[in-house]
Amino acid sequence: MTSLDQQAFEADVNSGAFLNGSLSGRWGLDSIAWPHALIWVRAGDASQLLLRFELTNYPRNAPAGQPWDGESNAALSPSRWPRGHDRINAAFNPNWNASALYIPCDRIAIQGHEVWRQQHPSMLWDPAVGIHRYVRVVSDLLGSPDYVRAQ
Amino acid sequence: MKNIKIVLQRGGTAQVLVGDVNGQQTVGDALKALGVTDIGQDLIHAEDHDGPVDLKTPVQALVSGEGEGGPAVLRLHQGRCHRVSVNVTFNGVTKSRDFPPVTRVGHVHQWATHNAFEMSPRDAAEHVLELEGGDERPDSDTQIGTLTDGTLCAMAFDLVPFKRVEG
């Protein structure tokens, strides 16, 4: 039987807000193996970054996302994480944590960064918005001029 | 065969409806497929078309091209506004222009940064549109008609820097 958190997630990836971005080619659902899901996000150079989300207690708890290698079904080697300038290197920083992105909507990153709640309200996790919030933040980053390339 | 994706957004609401139709079906058929059976006094706008469209128009006639790497997509807007008056304020200067309500925020950003405030491409990408008087930054695929109150056909943005996350 499908859990309530999985049902909520599946409803969100089938929502108009998520599909709207998918139809623009900005992101898309790859697969679900609860409590994980793989979602790709398109970068400015048209490459795709695959993210693996840990989604226990979704949407009450924020997701934890990490770059993922779909071919080997393992965490993406840090040498292959997106690189670029200020914002990209801050958000995609395996030296800080190879299992999370350094952005306010990430469950791991927000811990100990209460000041982000005032500094970056538009990037915070919002259960009412759901996974669309997280992938949009990543999409905006990978579409910014700070993004140079995937390694 | 249902080969066209329909995206419908409506004046004054954040809800996005998505469905499938075939090209021979009309705009009215597409609305029914999305559960919209009576539009009352509302107008229907299609992206890349300046004025309201007739409900009897085949959706195929309104699709301007293939989807971006995917299926063909027709974006529709339902609401009372013929046009939406948009103000964008940057560094204390406000520029204004009217757009069809189906226009997406990403297009308004393009106009504001390149045409209205003549920013370089890099500076343009370093600034985002934020609803005036708040901290909400609508997604680039949001239609501006949804950001009105549904009756007053006007809205205002601030163009603000995209702050780096640090600390």
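The model is predicted. Its largest nonpolar core has 61 residues. A second, separate core has 15 residues.

**Nonpolar cores**
- Ile103(A) and Leu74(B) have the most contacts inside the largest core.
- Helix 5 of chain A, residues 131-142, gives the most to this core, with 7 residues.
- Leaving aside neighbours within four places in sequence, Leu74(B) is in contact with Ile4(B), Ile6(B), Ala46(B), Val59(B), Leu62(B) and Val63(B).
- The second core includes Val86(B), Leu129(B), Leu147(B) and Cys153(B).
- In soluble globular proteins, nonpolar side chains tend to be buried together.

**Helix 2 of chain B**
- This helix spans residues 105-116, and Val105(B), Val108(B), His109(B), Ala112(B) and Thr113(B) are buried in it.
- These residues lie on the same side of helix 2 of chain B, because they cover an arc of only 120° around the axis.
- The buried residues pack against strand 5 (84-90), strand 6 (93-99), helix 3 (121-125), strand 7 (127-131) and strand 8 (154-161) of chain B.
- Glu118(B) follows the helix and has a positive phi, near 50°.

**The sheet of chain A**
- The sheet is open, with 5 strands in the order 1-2-3-4-5 and antiparallel pairing.
- Strand 1 (27-33) and strand 5 (74-75) of chain A are the edge strands; each pairs on one side only.
- Strand 2 (residues 36-42) and strand 3 (residues 48-54) of chain A run antiparallel and are joined by 7 bridges.
- His36(A) has Glu54(A) in strand 3 of chain A as its bridge partner.
- Helix 5 of chain A packs on the sheet and touches strand 1, strand 2, strand 3 and strand 4 (64-69) of chain A.
- The direction of helix 5 makes about 30° with that of strand 2 of chain A.

Methods
Residues are numbered from 1 along each chain as its sequence is written. Chains are lettered from A and ligands numbered from 1 in the order in which they are written. This is a predicted model: local features need pLDDT of at least 70, side-chain atom pairs count only at pLDDT 80 or more; totals for chains, interfaces and linings use all residues. A nonpolar core is a set of buried Ala, Val, Leu, Ile, Met, Phe, Trp, Tyr and Cys residues joined through C-beta atoms within 7 Å. A residue is buried if 20 or more other C-beta atoms lie within 10 Å of its own, exposed if 12 or fewer, and partly exposed in between; C-beta atoms are placed from the backbone. Helices (H or I, at least four residues) and strands (E, at least two) are DSSP runs, numbered from the N terminus. Two residues are in contact if their C-beta atoms, placed from the backbone, lie within 7 Å. The arc is that of the directions from the helix axis to the C-beta atoms. Two strands pair if DSSP finds at least two bridges between them. Axes are lines fitted to C-alpha atoms, for helices over the stretch in contact, and angles run from 0 to 180 degrees between N-to-C directions.
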